[in-house]
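This report describes a single protein chain, from single residues up to the whole fold. The sequence and the model are shown first.

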Amino acid sequence: DAMVSLAFNVGEGNLGKSTLLKLHNAGNHDGAAAQFAVWNRAAGKVMAGLTRRRAAEASLYRSAV
């Protein structure tokens, strides 16, 4: 569910070439969970709302692994 949420927000193409997905596919779930935090910017600026959302997605991701 966390990966679907991220894909919906950043686009399938961006997720498809991301380090997050590479780590996930390699079985490095801790590394992949940490990568959610990378996706917290809009127009190059860190956004508090995206930071909160990515933290929630990372938590959901960790709970499912």
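Is A43 buried or exposed? In this predicted model, A43 is exposed, with a relative accessible area of 84%. A43 lies in the loop between β1 and β2 (45–46). The phi of A43 is near 55°, which is a positive value in a residue other than glycine.

**Overall fold**

The chain contains 5 helices and 2 strands. Read from the N terminus, the order of elements is α-α-α-α-β-β-α. For 65 residues, a compact globule would have a radius of gyration near 11 Å, and the chain agrees with this at 11 Å. Of the contacts in the chain with a separation of 6 or more, 48% join residues 24 or more positions apart. Further values for the chain are tabulated here.

| Property of the chain | Value |
|---|---|
| Box filled by the C-alpha atoms, along the principal axes | roughly 30 × 25 × 15 Å |
| Share of the 65 residues that are buried | 26% |
| Distance between the centres of the positive and negative side chains | 12 Å |

The charged side chains comprise 8 positive and 4 negative ones.

**Helix α1**

Helix α1 spans residues 2–10, and its buried residues are A2, M3, L6, A7 and V10. Viewed down the axis of α1, these buried residues fall within an arc of 130°, so they line one face of the helix. V4 and F8 are exposed and sit on the face of α1 turned away from the buried side. Which elements do the buried residues of α1 pack against? They pack against α2 (12–16), α3 (19–25) and α5 (48–64). After α1 comes G11, which has a positive phi near 100°.

**W39**

W39 is found in the loop between α4 (29–35) and β1 (41–42). Its relative accessible area is 23%, which makes W39 partly exposed, since buried means under 20%. Setting aside neighbours within four places in sequence, W39 is in contact with L6, V10, N14, S18, L50 and R54. Two of these residues, L6 and V10, also belong to the buried set of α1. W39 and R53 are 14 residues apart in sequence, and their C-alpha atoms are 9.6 Å apart in space.

Technical notes
Residues numbered from 1 in each chain as written. Predicted model: local features only at pLDDT ≥ 70, side-chain atom pairs only at ≥ 80, totals over all residues. Heavy atoms only, no water. Buried < 20%, exposed > 50% of the residue type's maximum accessible area, 1.4 Å probe, protein only. Helix = DSSP H or I, 4+ residues; strand = E, 2+ residues; numbered from the N terminus. Arc of directions from axis to C-beta. Contact = heavy atoms within 4.5 Å. Rg over C-alpha atoms; globule rule 2.2 N^0.38 Å. Lys, Arg positive; Asp, Glu negative; His and termini not counted. Charge placed at Lys NZ, Arg CZ, Asp CG, Glu CD.
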